[in-house]
Amino acid sequence: MDKYPDQKRAVQYLYPPVDPFDQRMMDVGDGHKIYVEQCGNPSGIPVVVLHGGPGGGCSPAMRRYFDPAVFRVVLFDQRGCGRSRPHAVIENNTTWHLVRDIEMIREALGIDAWIAFGGSWGATLALIYAQTHPDRVRELVLRGVFTMTKAEIDWFYGGGAGKFWPEVWARFVGLIPEDERDDLVAAYHKRLFSGDRLEETKYGRAWASWENALASIHSNGMGGEAPGEYARAFSRLENHYFINGGFLEFDGQILANMDRIADIPGTVVQGRYDMICPPDSAYAIVQRWPRSTLKMVRNAGHALSEPGISSELVRTMDRIAMTEQRR
């Protein structure tokens, strides 16, 4: 019996597991090598999957949102995380390095233009990539939109989300001395980059746990304890990007540049009760994006694995497949 009888488990909406037909380590310069894989149909509609975090890495489940007979799916671990090397490193690791990496992958694979599919930070990166290279993006499919504004970061690390989860917030804040709690991103930054591996892992687990605890609408408030190396990389990279405002030129840059993608079609899938990336950001970009559609999923939070989120994403990709095949 389903734990939540009104919803199927997310996996029931996905395509069967599939193995990559191509796996490689790509040298992108600056001392970084990134892991890249392809699965599905080598001659199919190309899609690039942009994972969240920053620092989250790809998982095999991310391959399953696409009909493998129709799509050529490209996944990669962004700099410093997953199977990319060096691990947990922030040097030469900015949004603009990642945008360049995406272009290097596209060129290396001989793809003229592709669909960009990303959630959370992956949605951020997809929007920035599309605004930088609009001629290389056929369509955008976004989930749990985050536009890297100060207001969004303040919501999650300044106590907004904590008002809904006070006991979880207390655990996250409790590791930091009272005189540093006015800027938790900076306080955690000091500890995540202390040079003491044990301390970095401890605070990395706490940082990751705070986010994981709020990802699902069905959460009991326990974020679990992520493996140390994963948590350290995820938290260092995410903190590095947040403390630097995503390396954008100004606060609100993504919203200000929505005219650059006015001619690109897009679908935004958003959980109504997303505690990590509240729906106002998704709503705001759609208001400035004439060829976009907002799919607000009731009874859903932030996680890709939410049943309502997964079903809507698969439905969106199936619709794109049918449209493309009619052409």
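Which residues does the UniProt annotation "domain: AB hydrolase-1" cover? According to that record, an unreviewed entry, the annotation spans residues 46-304; UniProt positions are given in the numbering used here, feature names are shortened, and annotations may be inferred rather than shown by experiment. The views below come from a predicted model, in which local features need pLDDT of at least 70, side-chain atom pairs count only at pLDDT 80 or more, and totals for chains, interfaces and linings use all residues. Residues are numbered from 1 along each chain as its sequence is written, and side-chain values use heavy atoms, with hydrogens and water left out.

**View 1. The annotated region, residues 46-304.** Over residues 46-304 the chain is 37% helix and 14% strand. The end C-alpha atoms of this stretch are 21 Å apart. Helices (H or I, at least four residues) and strands (E, at least two) are DSSP runs, numbered from the N terminus.

**View 2. The hairpin of strands E1 and E2.** E1 (residues 22-29) and E2 (residues 32-40) run antiparallel and are joined by seven bridges; two strands pair if DSSP finds at least two bridges between them. Asp22 has Gln38 of E2 opposite. Two residues lie between the strands, and Asp30 takes a positive phi near 60°.

**View 3. Strand E3 and the strands paired with it.** Six of the six residues of E3 (residues 45-50) are buried, so this strand is largely enclosed by the rest of the structure. Buried means under 20% relative accessible area, exposed over 50%, and partly exposed in between (1.4 Å probe, protein chains only). Ile45, Val47 and Val49 are on one side of E3, and Pro46, Val48 and Leu50 on the other. E3 pairs with E4 (residues 71-76) in the parallel sense over five bridges, and Val47 stands opposite Val73 there. Four bridges join E3 to E5 (residues 114-119), also in a parallel run, with Ala116 of E5 as the bridge partner of Val48.

**View 4. The two sides of helix H3.** In H3 (residues 150-157), the buried residues are Glu152, Ile153, Phe156 and Tyr157. They cover an arc of only 110° around the axis, which puts them on the same side of H3; the arc is that of the directions from the helix axis to the C-beta atoms. An α-helix has 3.6 residues a turn, so residues three or four places apart point the same way. Lys150 and Ala151, on the other side of H3, are exposed. Among the elements covering the buried residues are H4 (166-174), H5 (184-192) and H6 (197-213). Gly159, which follows H3, has a positive phi near 110°.

**View 5. Trp165 between H3 and H4.** Trp165 is found in the loop between these helices and counts as buried at 15% relative accessibility. Leaving aside neighbours within four places in sequence, Trp165 is in contact (heavy atoms within 4.5 Å) with Trp210, Leu214, Ser219, Asn220, Gly221 and Met275.

**View 6. Asn239 in helix H7.** Asn239 counts as buried at 0% relative accessibility. Residues up to four places away in sequence not counted, Asn239 touches Val185, Tyr188, His189, Leu192, Phe193 and Trp207.
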